[in-house]
2 protein chains.
Amino acid sequence: MEINKVAVLGAGVLGSQIALVTAIRGFEVVSWDISEEAVEAASQRYDKFGHRIAAEVDDIDERAVAEGRSRLSLTTDLAAAVRDADLVIEAVPENLAIKREVWAKVGAAAPARAIFATNTSTLLPSDFAEATGRAEQFLALHFANLIWKNNTAEVMPHKGTDPAYVDILGEFAERIGMVPIKLKKEQPGYVLNTLLVPFLEAGMYLVGSDIAEPADVDLDWRNSTGSPMGPFETIDMIGLRTVKAVRETRPNDAEWYKNFGALVDSMIEKGHVGQEAGQGFFTYDDDGNIVG
Amino acid sequence: MEINKVAVLGAGVLGSQIALVTAIRGFEVVSWDISEEAVEAASQRYDKFGHRIAAEVDDIDERAVAEGRSRLSLTTDLAAAVRDADLVIEAVPENLAIKREVWAKVGAAAPARAIFATNTSTLLPSDFAEATGRAEQFLALHFANLIWKNNTAEVMPHKGTDPAYVDILGEFAERIGMVPIKLKKEQPGYVLNTLLVPFLEAGMYLVGSDIAEPADVDLDWRNSTGSPMGPFETIDMIGLRTVKAVRETRPNDAEWYKNFGALVDSMIEKGHVGQEAGQGFFTYDDDGNIVG
């Protein structure tokens, strides 16, 4: 099936990036959010991200961004947003009740052909597939922040998804400049976080057990594997507040786990929450490079 | 203390690399192995590795290799090898009885000043520290294969090591072109394998659970983190036989673990044992690059 018209639900940080990049890549996009204030905030995000995209993506200039903006409309009317959509991408808050409510309305208003995709990070598509009213056309399309730069897009079906839609969404993702990664089954954390979480926890173990210093752990990983970042620079990039939130979903009674938790708490208390703050396990300059 | 004379025990793949690079970097080196046959084989390794080092290391040419060879002698006499050593580096087979026997002889023959280092990968220094007769001067100095290229050197004390030797060995490692990583405590797998094993097992989980294909797992990791290799290319580089051996030390009843083990077994049976064989999870050309 051909995708021409896309509705993006939620115009927060990620929703606005998805809507804008999709429009720049030639699709007709309707960006929906819940209130006039949210829509106004989104409009400013489009300006800000538009300039960054023009500066950072080789084949996109300010003119291409302006043309994309002309294909992008904003609305607070959900039924109108999806009424003629070939694809609906949902990026509303990570709250099951909100997701279910939005998808029930979308299911009632969207045309029968429309493919339904959620960008959920922490929930599973199966948690709210039934609310869409057409579970077989519903799956996840998961983006990372700054989607034009961190351009991995994970495509993940739930048990009831018709597998044909995995390929269709993969092709759509490529057309908007993403590298699609197709999963065959539901997996919390998709592929990337399934690899990343135990890797970061191994780093936490080494430091929480006082076996090695964060700088030495990172140096070993970089020098041994050629990777640009070790676990502690990665934690700084993710942000210590997010790492703390993830830790709280994975309770562990081990001494090293508690030690590392106490370290994270003391760093957050001092405002050393990571790269964004200029200080985490390492110190950063304004460009996000480690200093000293 | 100053290190000038180094004895390297065991002239196998890694021992011969350590001895040769150390000699090229200006130290007087005695290379010991158990038999005339072993010493003859080592001599051929020195030729082979010498050419590679001259070709691959910027500041080393054939002349520097030849000068290094002139500082390197071979012997089958263990007591003579260590009699005047400032540093003894042991790289004999990973067998506790052999390690204990060799270290007991070294302890009896080496001068009191000598620092004792083991390159053990799978044992811990504390497993045979007492056999050395001077546990406080004994610690691990752990190299990776092709030490001039994969130049991480992990320095790891056991509980009874005088911490001053961690710094001394770290400086020595830098002088022979290594990037030293200092550990504060014993840890099986040092830093690198402590990070690597759970990362690789997360990849095994994704494939063993039929959640994603190896190529997609690797692509996600490379594209999302900028790392040169994902878990399956890493497994191919390590070699499936080694991965199988490591798995056997970490029994796990989970279905995905058994599924992945069956896959590894079937690949080994077909000779698809990794990069070295030209075929593992991926297909490789003669230069070790993935084809197709």
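Helices and strands are DSSP runs, numbered from the N terminus; a helix has at least four residues and a strand at least two. The exercises below concern a predicted model.

**Exercise 1.** Determine where Gly271(A) is placed in chain A, and decide whether Gly271(A) is buried, partly exposed or exposed.

*Solution.* 
Step 1. Locate the residue among the elements of chain A: Gly271(A) is in the loop between helix H11 (255-269) and strand S9 (283-284).
Step 2. Consider the cut-offs: buried means under 20% relative accessible area, and exposed means over 50%.
Step 3. Apply them: Gly271(A) has a relative accessible area of 33%, and is therefore partly exposed.
Step 4. Identify the partners: with neighbours within four places in sequence set aside, Gly271(A) is in contact with Ala277(A) and Gln279(A).
Step 5. Compare with a position elsewhere in the chain: Ile34(A) is 237 residues away along the chain, and the two C-alpha atoms are separated by 33 Å.

**Exercise 2.** Classify the aromatic pair formed by Phe232(B) and Phe281(B), and state which parts of chain B the pair links.

*Solution.* 
Step 1. Begin with the whole structure, in which a search finds 25 aromatic pairs over all chains.
Step 2. Examine the geometry of this pair: the centres of Phe232(B) and Phe281(B) are 4.9 Å apart, with 65 degrees between the planes.
Step 3. Planes over 60 degrees apart count as edge-to-face, and the pair of Phe232(B) and Phe281(B) is edge-to-face.

**Exercise 3.** Describe the interface of chain A and chain B by its contacts, its buried area and its salt bridges.

*Solution.* 
Step 1. Count the residues: 40 residues of chain A are in contact with 40 residues of chain B.
Step 2. State the area: the two chains bury about 3500 Å² between them, of which 63% is on carbon and sulfur atoms. In chain A, the residues losing the most area to chain B are Lys184(A), Leu195(A) and Trp221(A), together 19% of what that side buries.
Step 3. Turn to charged pairs: four salt bridges are found across the interface. A salt bridge joins the side chains of Lys184(B) and Asp210(A), at 2.5 Å from N to O.
Step 4. Find the main contributor: H7(A) supplies ten residues, the largest share of the side of chain A that touches chain B.

Methods:
Residues numbered from 1 in each chain as written. Chains lettered and ligands numbered in written order. Predicted model: local features only at pLDDT ≥ 70, side-chain atom pairs only at ≥ 80, totals over all residues. Heavy atoms only, no water. Phe/Tyr/Trp six-rings, centres within 6.5 Å; stacked < 30°, edge-to-face > 60°. Contact = heavy atoms within 4.5 Å. Buried area = accessible area lost by both parts, 1.4 Å probe. Buried < 20%, exposed > 50% of the residue type's maximum accessible area, 1.4 Å probe, protein only.
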